[in-house]
Structures are given as structure tokens and as C-alpha cells.
Amino acid sequence: MNDMTPIQTTLKDWESDQEVRWCPGCGDYAILKAVQRTLPMIGADPKNTVFVSGIGCSSRFPYYVESYGFHTIHGRAPAFATGIKLANPELDVWLVTGDGDGMSIGGNHTMHVLRRNLDCQIMLFNNEIYGLTKGQYSPTSRVGTSSPTSPVGSVDRPALPCAFALGSGARFVARGYDVSKDLPEVLKAAHAHKGAAFIEIFQNCIVYNKDRFDDFTAKGVAAENQIWCTDGEPLLFAKGTKGLSLDHDTLTLKVVDVVDGDWQAADVAVHNVKNRGLAHMLVEMPFGPFPMALGVIYDDPRPTFEGEVVAERAKLIEGKTANLGKLLSKGQTWTVEEKDAAHGLMD
Amino acid sequence: MASITAEQEKPASVQEASPEAVVVRFAGDSGDGMQLTGGQFTLSTALAGNDLATFPDFPAEIRAPQGTLFGVSAFQINFGSSEITTAGDAPDVLVAMNPAALKTNVQALKPGGLVIADTGEFSKRNLDKAKYETSPLEDGSLAKWDVLAFDISALTLEAVKPFGLGNKEALRCKNMWTLGLALWMFDRDREPLVNWLKTKFAKNPVLADANIAALNAGHAYGETAELAGPLKKLHIDPVPSEPGLYRTITGAEAVSLGLVAGAQLAELPMFFGGYPITPASAILHNLVKMKEFGVTTFQAEDEIAAICSAIGASYAGQLGVTSSSGPGIALKGEAMGLAIMTELPLVIVNSQRGGPSTGLPTKTEQSDLYQAVYGRNGDAPLPVIAARSPADAFECAIEACRIATQFMTPVMLLTDGYIGNASEPWLVPDPSTFEPFPVKFLEDTNNPDGKVLPYKRDERGVRPWIKPGTADLMHRVGGIEKAIDTGDLDYSPATHQAQTDARKAKVDGIAAAVPAQDVCLGNENGRLAVVGWGSTYGPIHQAVRRARRKGYDVSHIHVRHVWPLPANMGDLLAGFEKVLVPEMNTGQFKTVLRDQFLVDAVPLNKTSGQPFAIAEIEEAIASFFDGVPGHAEGEVPVNDTQLPNPEA
């Protein structure tokens with residue numbers, strides 16, 4: 001985010017004239033709407049907003065937002081964003097990537113943009129499949145995923161994007177999913193964070209990996225299997241009847257029952273967005289008795305990369321003036337006088 | 001080129017000679033500081049007003065095991081009282097700091113040349129490491145050269161004794177002792193070196209004093225020993241050159257300065273994205289120190305991120321620059337395609353080295369020409385410029401910035417390991433004489449009837465440059481094929497054909513915006529044109545000059561604009577009966593010329609990682625005139641006495 005004067009816009013102002021070309025029913029539509037709803041909420045200015053993407057279904061996103069947009073090459077969006085932001089730190093930069101783009105071919109750049117802490121929002125649409133190339137299993141596909149390249153089920157273990165982000169040094173990690181009404185709030189918090197904000201957005205690929213996230217997003221099970229993390233609030237789910245507590249013997253989280261709303265009695269942990277250890281445990285929670293942690297899991301700002309680069313540059317050039325003539329004649333020089341040159345040029 | 005040994009026939013009293021040019025090679029262990037010695041000797045040579053060219057050659061290993069053959073580091077300098085354009089074919093003087101340095105270099109020495117060796121290093125152990133069974137200093141195997149062997153190690157230890165250094169530190173002063181002797185031999189002023197040592201060791205005055213003492217001792221040795229043997233003082237007259245202020249410059253420095261100047265002339269801040277790679281890293285090192293010129297440097301996580309960040313910066317309105325060597329350029333290929341597709345300015349510097357793959361990291365080759373001109377997916381043309389010498393790289397870098405920003409295109413600038421590391425005197429230009437080419441961004445819509453047209457081309461086929469942050473000009477760019485003018489996604493057959501043609505026409509059109517190809521030596525037509533590009537300039541030029549002195553009708557054409565080729569190139573070549581193309585590759589530019597002009601270009605190839613020797617090109621030229629065929633298959637045989645030495 002940046003500290004610009006808020007601009008009054010509406011959702012409509014953020015719709016480009018391009019026809020949206022995702023499969024009917026794709027989760028990307030809902031995410032696009034959530035973003036277009038968020039941008040007016042945060043007072044974003046279209047002329048200073050840049051959406052940068054790589055390659056994949058998600059990466060068509062910039063074409064549909066009425067702002068500046070750069071649809072780049074596979075996996076490299078973070079590197080382009082770094083150049084853009086270093087060239088003009090005033091720009092508000094959003095990265096759009098997917099599980100293939102950001103965790104596979106571009107995993108390296110995802111790691112480095114996070115560790116450097118470039119001020120930008122990184123939305124990783126995780127549908128656990130390669131959609132645009134027609135359904136191959138991806139680096140986040142669960143073991144056993146059947147696909148054209150894994151006809152009897154994939155054997156490689158999936159990467160956990162949020163754990164990867166924390167491991168790379170991310171200072172903001174959040175989760176949401178395509179049709180969640182709370183997604184704009186998550187995006188708002190990401191934008192408010194000064195530094196690299198990593199948001200994993202579970203997205204339903206209705207063609208190649210339909211209803212993959214039903215185990216925690218389907219109507220009947222959502223309350224039971226989602227936990228929304230709010231800073232300073234107890235980690236409760238299942239309508240307040242269950243909570244997460246620290247098992248002091250194993251130093252892991254455990255699920256406890258909460259009776260009559262007395263979470264203190266059940267020793268339910270209070271969420272603290274600055275607690276990195278807790279964040280690691282929340283993003284690593286397996287299924288089974290555990291819910292899927294959503295919302296802002298970690299948010300502890302540090303100085304931004306572009307800020308440090310600008311400061312370093314200021315320090316390096318202090319007291320120096322840009323004199324090209326002086327630069328060219330730096331070091332040991334000698335002068336050839338007119339008389340020495342009397343012989344003129346050689347053949 | 002006179003050999004100093006010619007003087008030997010004269011009475012011993014005639015100690016001063018004045019040859020036209022001398023080639024000296026310093027060789028030692030990679031820890032002996034030979035590059036530094038060579039660099040400082042170069043500076044003193046420049047200050048004495050001689051023209052010069054250098055060839056630094058060092059092993060790929062950072063610190064190869066001491067005393068080994070592959071750990072030898074060498075520095076060759078050719079200097080003289082007339083124009084010098086190559087580092088010289090064979091040395092007149094070899095300074096060998098240990099047996100390995102002697103073994104790997106002595107075969108290159110001219111018959112009758114002078115060997116200076118440090119006997120202190122010729123121990124049994126070091127002889128073994130160099131695979132000598134007996135000491136060459138004693139077994140007569142060096143009979144065809146003059147040998148001056150004495151214990152430089154002991155003399156140095158003696159000279160620095162008063163400063164109380166440890167044995168290891170004291171021996172490190174050996175290179176300064178040797179330099180002192182060399183300064184005496186060539187009648188050089190010690191003062192600039194003394195000043196340099198004082199600055200270099202400002203924080204440790206004892207080390208400064210010790211090194212100065214070693215330098216003086218070496219000088220005094222030459223002065224007072226009055227050696228009856230082969231050592232003698234030589235004076236090389238200064239070169240009559242254009243008046244003005246001079247400095248020495250390496251190609252890497254020249255590229256860095258040229259990029260800064262180019263960005264200033266475009267009135268743009270510069271963004272440099274780089275990733276460390278030999279021999280290109282020096283450019284990043286240099287630019288880090290020039291940030292007051294609006295330079296931002298970014299050491300990226302890999303070659304791909306380096307170019308992508310530079311393209312991002314160009315998209316945001318700065319001059320994006322990236323630099324690498326062959327393997328890194330290969331990684332950047334896809335991103336170059338994006339810069340071509342989105343039509344954004346970008347300068348890509350390729351300091352070529354021997355390939356393929358890791359190849360010869362510290363040696364030189366010109367084998368990335370195909371990669372530069374053709375090496376991307378799709379029909380992806382971009383302009384390619386090649387620098388011919390360290391000093392020429394300055395102008396070429398400015399030219400690359402000009403074409404990139406004026407034509408909204410990535411431009412590749414080719415140098416090579418030789419140009420990058422070698423140094424030569426440079427007449428410092430006056431910036432007020434440079435022609436500025438300020439960039440104009442689009443600030444108001446170019447379409448009164450509706451939304452901005454980011455791909456509306458002007459009469460040269462160039463689209464506008466629009467910075468994010470500009471009100472009302474929001475638009476999207478990307479790597480997918482796009483509609484004419486609007487840039488909206490459109491990959492219909494007609495659109496792709498039209499845009500492919502438009503991108504090609506734009507780059508082809510640049511030929512009209514570059515200077516006509518000139519003939520740098522000889523006539524505009526005739527029997528033979530020797531056509532080169534890049535760092536073969538020096539050897540070709542000298543070879544053509546010598547051939548012309550013999551009366552051969554031969555001309556030298558050296559091409560800077562490799563792609564698109566200057567508009568008159570075809571007509572120029574048609575004026576010659578034959579075209580010879582010497583290249584440090586298997587004939588890449590020859591193929592380009594044949595393709596473009598259906599000309600019967602004959603290759604002369606060398607792929608040993610070494611620059612051409614003048615004699616090799618001379619011989620090839622002669623074969624056109626005396627009917628004696630040149631080298632079979634147009635390939636120069638491997639010359640294992642030339643730098644870099646393949647054994648090392």
C-alpha cells in the first residue's frame with residue numbers, strides 16, 4: 001500500500017472494457033469482484049494502481065481491471081513488480097499468481113520478493129491444479145490427485161503456500177477463498193500492511209478440480225471446518241463450541257471443546273498476528289480434527305525493500321553531484337598538449 | 001616491431017635502445033598479484049605517453065593451488081611509440097615468478113627474448129609442481145632465450161626487512177619489487193606508483209612503506225647492478241596523439257560509463273538489474289558506485305529476475321538495463337521476447353565468453369552472435385551492436401541507449417571477455433559534445449475519440465511510452481498477441497500477421513537511423529575486404545595495414561551495427577571481389593552476411609578461446625593474393641604459446 005490521498009471510486013470504475021474469459025462458474029470471477037469491491041474501500045487510485053501477473057488462468061486478471069496492468073511471463077511477476085516498484089515506489093502494486101505460476105515455475109521469485117519485503121500485495125490463487133494447460137496436477141495438488149499426467153493419482157507431496165511464505169520471511173500471511181464474503185476484508189488488511197503481503201486464495205476450478213475445497217467451504221461443513229483468525233480474539237470455531245489450545249507437553253496445537261462460551265476455562269489461545277510461532281502452527285494445521293485457518297494469520301511489518309533501497313542510495317550519494325565530465329575523467333589522467341601532437345594522426 | 005635482443009649485438013656500453021614497440025608478459029601464481037602488477041605497469045606506460053593494449057589472463061579458479069600449472073595468472077602488455085591495437089603476438093620479455101609461470105609461458109617468447117625469473121621460487125617442490133625434472137634455469141633448456149635469474153624473493157625480504165613484516169606479508173611485496181625493475185627497464189617515473197601505494201594502503205602506512213621500499217629496491221637493482229648480461233634500459237618514445245585529456249579504460253568501465261551517459265542523454269533514471277557472472281559482473285560493480293546519476297542497481301536472485309526487473313523498470317518509465325554473459329543471456333531469452341512483444345526499451349549487455357554451457361568462463365569468444373540475432377522463440381527481431389575495443393564500448397553503450405529509447409525496443413550490446421578486461425588509453429570525451437535524445441512520454445490521450453491507443457505506431461512504426469501513474473491513460477500490456485492500435489488481446493490470423501510484420505519493419509527500419517558502414521582502412525572497393533565485428537578489430541586492422549604495405553589491394557571493414565546491418569552494407573560488399581570474415585567462432589557473421597547479401601563470404605575461424613594473432617590474419621590475406629590456399633576449412637590451428645595458454 002502507499003500513503004496517497006484516498007480517491008472516491010465505485011466497483012464499476014474498476015471494470016475494464018475487456019470481456020472476461022474464464023470458464024462459466026470459475027472461482028476467478030468471485031475473486032475479481034472481491035478485488036473490485038476492495039479497491040474503492042481502500043481509496044485506491046486507478047492511475048497509480050498496477051496489476052502484474054505471470055501466466056495461467058489467474059494471470060489474465062490484469063486485463064479485467066481498469067488500472068495499469070502487465071501480463072508478463074510464467075512465474076516471473078515478482079521480478080517485474082520489483083523493477084516497477086523500485087522505479088516508482090509511489091505505485092500501488094498487486095501481484096496475481098497461481099499455484100503453478102507462483103509455487104512451481106516461479107517459486108524462486110516468490111521466495112525472494114517475500115524475503116526482500118517489497119511493498120505489494122501477492123494474491124496466489126490456489127486451485128491445486130494446472131487449469132490453462134488442461135488439468136495436470138500442480139505443486140499444491142494433494143497426493144492421489146488424478147490428472148492427465150498422474151492417471152493413477154499423483155505421488156508427490158504438495159507444498160503449503162503459506163508455510164512456504166513464512167519460511168521465506170514473509171511479514172504478512174493471510175488466507176481466504178473465492179466466494180467468501182470476508183475476502184475483501186482480508187484484501188483490505190493486506191493492502192494496509194506496508195511490505196509484501198501474501199494472500200493464499202483457495203479457488204474452485206470447476207472444470208479440472210471441481211469442489212476440491214468442499215471439505216471446508218461447503219455449506220454444511222464450513223462453520224465446523226473453518227477458523228477465522230482475528231488479532232486479539234480467541235481462536236474459536238464451530239460457532240464457538242470448539243477452540244485451539246496449546247498443548248504444553250508437545251508444543252503443538254490441539255482442538256478443545258468450549259462449554260457455554262467459557263473459552264478461558266478451556267485454555268483457548270488468543271490470536272496474536274505478531275506471533276510468528278503461532279502463525280507457523282496455524283498454517284501447518286492438518287485436516288482431521290483441525291479446521292482450515294483463514295483470515296489474517298500473521299502481520300508484523302518490517303521496513304520495505306524499496307524504502308531501504310531509496311535510503312541506501314541517499315546515503316551513497318550524500319554530498320555527491322552528478323557531473324558527467326568529472327565521472328568520465330576519474331582516476332589517473334594525463335594530458336597530451338598541442339605541441340606533442342604535432343605529428344598528427346597516424347595512417 | 002623491434003626486438004630488444006637485437007641490441008645485444010652492440011657493445012655493452014650501448015645500453016639504451018629505442019624500439020618501436022615492446023611486448024612484456026608478467027606471469028606468476030594467481031596469488032602473486034600479477035594482474036595488479038600489470039595494471040600498474042599499464043598506468044605508468046600510459047603516463048609515459050605510449051600507446052598500448054593489454055591482455056589479462058587468469059584462471060577460472062579463485063585461488064588455484066599454489067605453484068601449479070593451472071594456477072598461473074598472466075598479464076600481457078604491448079606498448080609502443082606508434083598506434084597499438086592488439087596485445088601483441090609474442091612477448092619480448094617474460095617475467096616468470098615461479099617454475100609453473102615459466103613453463104606455461106616461455107614457449108610464447110620470441111626467440112632471443114628475455115626471461116626474468118625469481119630463483120627463490122625454483123625449489124624442488126615448485127619444480128615438481130610444474131612438472132620439471134631438472135631446473136630449466138640450469139639445464140640449458142632455455143638456450144634460445146636470454147635468461148636473467150636472481151633471487152627476487154630474497155632481495156624483496158631484504159628490502160622490506162626494516163618494516164618488521166611477517167615472512168608471508170613481506171613476500172607479498174615481490175610484485176612491487178618486480179614492477180620497480182620493470183619501471184627501470186623502460187625508463188619510467190616511479191612517482192605515480194608511490195602515490196598510488198600511499199593511497200591504497202592509507203590505513204596501513206607500514207604496508208605502504210614496505211611496498212614502496214620494494215618498488216625502489218627493484219628499480220635500484222636495475223640501476224646499480226649494471227648487469228653485464230641482457231638487462232638493459234629501453235626508452236619507448238611517446239606516441240604522437242590527438243591533444244587532450246587521457247585516461248586508461250577497460251571495456252567494462254567504458255560500458256558502465258556509456259550506459260550512465262546514455263541514460264543522461266535520454267534524460268532518464270537508469271535501472272540496472274544484474275546477477276553475478278564472469279566476465280560481466282564488473283559492470284554491476286561499477287554502476288553501484290554511480291548512483292548519483294539516477295542509477296538504481298538491483299542484484300537479482302537469478303538472470304531471469306535480473307532482466308524481468310529491468311523490463312519492469314522500463315515499463316514504469318526508467319531505462320532498464322541488464323547484463324550477463326552467454327549462459328545468463330540464454331536464461332533471459334523468454335523475457336527478451338516479452339520486451340519485444342510489449343515494445344519496451346531495454347539494453348542487454350552480453351560480455352561473451354567461450355561456450356557452450358559453462359564453456360570457458362574467463363576466456364574469450366564471439367560465439368553468441370546467432371544467439372543475439374536469432375536466439376529467441378517466435379519472430380523476435382532486436383537490434384544488435386558490437387563494440388570493437390574497450391574505448392569503443394563507451395560510444396556503443398550510448399548508441400544502445402539511443403536506439404532502445406527512440407525505437408521502443410530491447411537492444412543487445414555485444415562485448416567479450418577480452419574487451420571487458422583489457423585496457424587502452426582513452427581520449428576523455430567532452431559531454432557537451434554529445435547529442436542528447438530526450439525521451440517524451442505520452443501524457444495526454446492519442447485518441448480524441450476514446451480510450452488511449454498504446455500500440456498506435458508513428459511513421460517509424462514506434463509506439464508511445466506511457467508511464468503508470470499518468471492520469472486517464474490506463475491500459476494493459478502483455479505477451480499475448482494484440483490488436484493494432486488498441487493493444488487489446490487479439491490473436492486472429494490477420495492481426496498476428498500484421499503485428500509480426502510491424503515488429504520486423506520497425507527493427508529493419510533502424511538501419512536508416514544508423515550511420516552508413518564505412519571502410520576503416522583501404523579503398524571502398526577492390527579485390528579483398530576483410531570484414532570483422534567486435535574485438536577482432538585490432539588484429540584485423542594491423543594485418544590489413546601490413547598487407548597493404550606489401551602492396552595488396554585489401555580493405556578493412558569493421559561492423560558496429562550487426563543487426564540491422566547498415567543500409568549501404570550490401571552495396572559496399574558488392575564492390576569487392578572477395579570477402580574474408582575472421583571470427584572467434586565457427587563462422588556466424590559469415591552466415592549472416594551470406595544470408596543477407598548472397599555474398600560469397602569466406603570464413604577464418606578461431607575457437608581456442610584466444611584472440612587472433614596478427615600473423616594468422618596476415619597469412620589468410622596473403623593466400624588470396626599468392627594463390628597459396630589458407631588454412632584448411634578456414635580454421636586457424638591452435639597456438640598454444642599465445643595467451644591464454646590452453647595448458648594453464
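The domain assignment of chain B, whose bounds come from an automatic or database assignment, gives domain 1 (21-226), domain 2 (259-433) and domain 3 (519-624). The model is predicted, and local features need pLDDT of at least 70, side-chain atom pairs count only at pLDDT 80 or more, and totals for chains, interfaces and linings use all residues. Residues are numbered from 1 along each chain as its sequence is written, while chains are lettered from A and ligands numbered from 1 in the order in which they are written.

We can begin with the domains. The centres of domain 1 and domain 2 of chain B, taken over C-alpha atoms, are separated by 35 Å. Twelve residues of domain 1 of chain B are in contact with seven residues of domain 2 of chain B, where contact requires C-beta atoms, placed from the backbone, to lie within 7 Å. On the domain 1 side, α1 and β2 (51-57) of chain B each supply at least two residues; helices (H or I, at least four residues) and strands (E, at least two) are DSSP runs, numbered from the N terminus. The largest share of this side, six residues, comes from β2(B).

Between the chains, 62 residues of chain B are in contact with 56 residues of chain A. The elements of chain B that give two or more residues to this side include α1 (34-47), α9, α12 (326-342) and β15 (476-478). Helix α11(B) gives the most, with nine residues. The side of chain B that touches chain A has 36 nonpolar, 15 polar and eleven charged residues. Strand pairing also links the chains: three bridges join β2 (residues 68-71) of chain A to β15(B), and the two strands run parallel (strands pair if DSSP finds at least two bridges between them). In β15(B), B:Arg476 is the bridge partner of A:Gly69.

Helix α9 (residues 251-265) of chain B also packs against α14 (residues 392-407) of chain B, at an angle of about 35 degrees and with the axes 7 Å apart. Axes are lines fitted to C-alpha atoms, for helices over the stretch in contact, and angles run from 0 to 180 degrees between N-to-C directions. The contact of α9(B) with α14(B) has 14 nonpolar, three polar and two charged residues.

How values were computed. Ala, Val, Leu, Ile, Met, Phe, Trp, Tyr, Cys and Pro count as nonpolar, Asp, Glu, Lys and Arg as charged, and the others, Gly among them, as polar. Two residues are in contact if their C-beta atoms, placed from the backbone, lie within 7 Å.
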